[in-house]
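Here is a short report to read alongside the sequence and the coordinates. Please keep the viewer open as you go.

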Amino acid sequence: MEEQPDSLSIPVRERQSRKLVAMKRVARHSAVDVVRNQLVELIERGEIPVGDWLPSEAEMSRAFGVSRPALREALGSLRAFGYIESQTGRGSMVVSNRASSSLTLSQYSSTDLNEVRRHLEVPTAKLAATRRSEEELAVIVEACEAYAVEADPEIRVRLDSELHIGIASATGNPLFPRLIKDIRSILEEQSLALSVSAERWRHSTEEHFAICRAIRDRDPDRASEAMVAHLRAVEDAVSMLQRPDTPLSST
């Protein structure tokens, strides 16, 4: 706990085929950023018009030459910015050719959610450091360490939720984990949007470890400060995503 780990088969439909031809293979080191930006460019130019469905994940993964997890990260970012909507069993449809002016999560803005998180999760971390049991600490540490080494963005989002819910559970007040669960279900798109940045993943891992260490050491003030720093970093990252003069590849 003391050391942080370093961390498209051939298309059936002709219309889909034309879309896939426009997709260029990319280098793996920048796969998520490049895939996301290529898709944004294709959508904004009208090559994949509003109302059209994107090709399947398998088709796009082959066309771009990237893994399915990397493709899902890119699609998660497009969903968060309002370019596409996804339906289970059908795929993703283009619903706008311009990014939304702000990162909207369900009917709530990121500002709404972050304000609530500050007033809920900071005191939760402080209480957890005071009240946690060894079993509850083990759950928190396990989620923290698993997040640090997990490559799949969707699994990372789940582990991130498990960590924050675990901290809330360690307060001994059953209302805290219930409230955090409700918030985390709304935060999923934001988490996926932020996960496109490997740098943000590394920083988030460091922030998580600082929180976990403070809870382990039963240091409520340090736990509170670490959670404040984590939530401030999240807010800063979301603000960068929302800046109209910031290229998507820079987040």
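## Where helix 5 meets helix 7

In this predicted model, R117, E121, T124, A125 and A128 are the residues of helix 5 that touch helix 7, where their partners are H164, I167 and A168.

Two packed helices are described by the angle between their axes and the distance between the axes. Here helix 5 spans residues 110-131 and helix 7 spans residues 153-169, and their axes come within 8 Å and cross at roughly 60°. That angle is why helix 5 counts as oblique to helix 7. As for handedness, the crossing of the two helices is left-handed.

## A closer look at S204

Is S204 buried or exposed? Its relative accessibility is 6%, so S204 counts as buried. Beyond its neighbours within four places in sequence, S204 is in contact with Y147 and H230.

The protein has a mean pLDDT of 81, with 78% of its residues at 70 or more. Among its elements, the highest mean pLDDT, 95, belongs to helix 6 (residues 134-149), while helix 1 (residues 14-21) has the lowest, at 52.

Two stretches deserve a friendly word of caution. Over residues 1-15 pLDDT stays under 50, and the model has 42 contacts beyond four places in sequence for them. Residues 244-251 also stay under 50, with 13 such contacts. Where pLDDT is low, the predicted coordinates should not be read in detail.

Conventions: Residues are numbered from 1 along each chain as its sequence is written. This is a predicted model: local features need pLDDT of at least 70, side-chain atom pairs count only at pLDDT 80 or more; totals for chains, interfaces and linings use all residues. Side-chain values use heavy atoms; hydrogens and water are left out. Axes are lines fitted to C-alpha atoms, for helices over the stretch in contact, and angles run from 0 to 180 degrees between N-to-C directions. Helices (H or I, at least four residues) and strands (E, at least two) are DSSP runs, numbered from the N terminus. Angles under 35 degrees count as roughly parallel, over 145 as roughly antiparallel, 65 to 115 as roughly perpendicular and the rest as oblique. A crossing is left-handed if the near helix is turned anticlockwise from the far one by less than a right angle, and right-handed if clockwise. Contact means heavy atoms within 4.5 Å. pLDDT is the predictor's confidence in each residue, from 0 to 100. Buried means under 20% relative accessible area, exposed over 50%, partly exposed in between (1.4 Å probe, protein chains only).
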